[in-house]
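Here is a short report on helix packing and strand pairing. Please keep the sequence and the 3D view open while reading.

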Amino acid sequence: MNKITELFKIKYPVIQGGMIWNSGWKLASAVSNCGGLGLIGAGSMYPEILRENIQKCKKATDKPFGVNVPMLYPNIEEIMQIIVNEGVKIVFTSAGNPKTWTNFLKEKGITVVHVVSSSKFALKSQEAGVDAVVAEGFEAGGHNGREELTTMTLIPMVREKISIPLIAAGGIATGNAMLAAMVLGADGVQIGSRFAASVESSAHENFKQKVVAIGEGETHVTLKQLAPVRLIKNKFYEEVQTAYANCASVEDLKILLGRARAKRGMFEGDLDDGELEIGQVSGLIHEVKPVSDIMTDLISGFEKAQNEVSKFTF
């Protein structure tokens, strides 16, 4: 056992990212059934839809699973109450101050993990009483930190500052990347993009096929004036770049973004006008696979990398 497998009572220190429009109960339960920790992504769910996903996940697995909650959620009080009422034991919080909900959740016996993008906020999370932190590098898909720190530099910086368990995220889709993150000081990894392109992901098939089709350099972080987000370069992305070239205001950008742009892209499959969030590591993802195959690849790749590293001498 390591710190992460012990904390969550799971077999492997692999956590599936709680991605909007990708992380429904099918994906979360599949990852948990394969020995990792599945997360339901509450960020794209109305309260009753979240409740339904939690209930279905409980029926689909007897293993631990959790819920990821962006704290900017407009119905946050109702969301947290549903989580408590449904008996969820693990919550990952993000996009907000960890002090806001950590005590409330821990008083209910819930394990709390907070997602950060710098050692400064990792330390604040530890001081707020969370049980672990996810340190997410700039390579990651979706909403990103403003610090632009890569995973390779971020993980050892965070490890230097905190004593609680540390989970690495951003740019990890293979077993050897998982080993590298743990050598740098992580106790486990959180993986998003690789699971977004899985059979069980709730994303539209068009989006999954786009993920496996794109190559190196075809994602970019934009919309920094609103909230930095890494997107696949498509028609919508180009419209954003044109808006910047024309010195668009924050209000102009909000109008361009509109409502449900991410839903249109990832859930409804509009590859032109939708927001397509995925990480840089998508260039290494070449096939939509079942979660069971992805987990097998991860663990076998990790073990192979361990053996290869042991041969290095100086």
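The axes of helix α8 (residues 175-183) and helix α14 (residues 291-309) come within 6 Å and cross at roughly 60°. Axes are lines fitted to C-alpha atoms, for helices over the stretch in contact, and angles run from 0 to 180 degrees between N-to-C directions. That makes α8 oblique to α14; angles under 35 degrees count as roughly parallel, over 145 as roughly antiparallel, 65 to 115 as roughly perpendicular and the rest as oblique. The α8 and α14 crossing is right-handed, a term for a near helix turned clockwise from the far one by less than a right angle.

This is a predicted model: local features need pLDDT of at least 70, side-chain atom pairs count only at pLDDT 80 or more, and totals for chains, interfaces and linings use all residues. Numbering starts from 1 along each chain as its sequence is written, and side-chain values use heavy atoms, without hydrogens and water.

In α8, the residues G175, N176, M178, L179 and M182 meet L298, G301, F302, A305, Q306 and V309 of α14. Contact means heavy atoms within 4.5 Å. The contact residues comprise 7 nonpolar, 4 polar and no charged.

Now the sheet. It is open, with 3 strands in the order β7-β11-β10 and antiparallel pairing. Strands pair if DSSP finds at least two bridges between them. Helices (H or I, at least four residues) and strands (E, at least two) are DSSP runs, numbered from the N terminus.

| Edge strand | Residues |
|---|---|
| β7 | 142-143 |
| β10 | 219-222 |

β10 and β11 (residues 229-232) pair over 4 bridges. T219 stands opposite I232 in β11. Helix α11 (residues 235-245) packs on the sheet and touches β10 and β11. The direction of α11 makes about 40° with that of β10.

Note on methods. Nonpolar A, V, L, I, M, F, W, Y, C, P; charged D, E, K, R; others polar.
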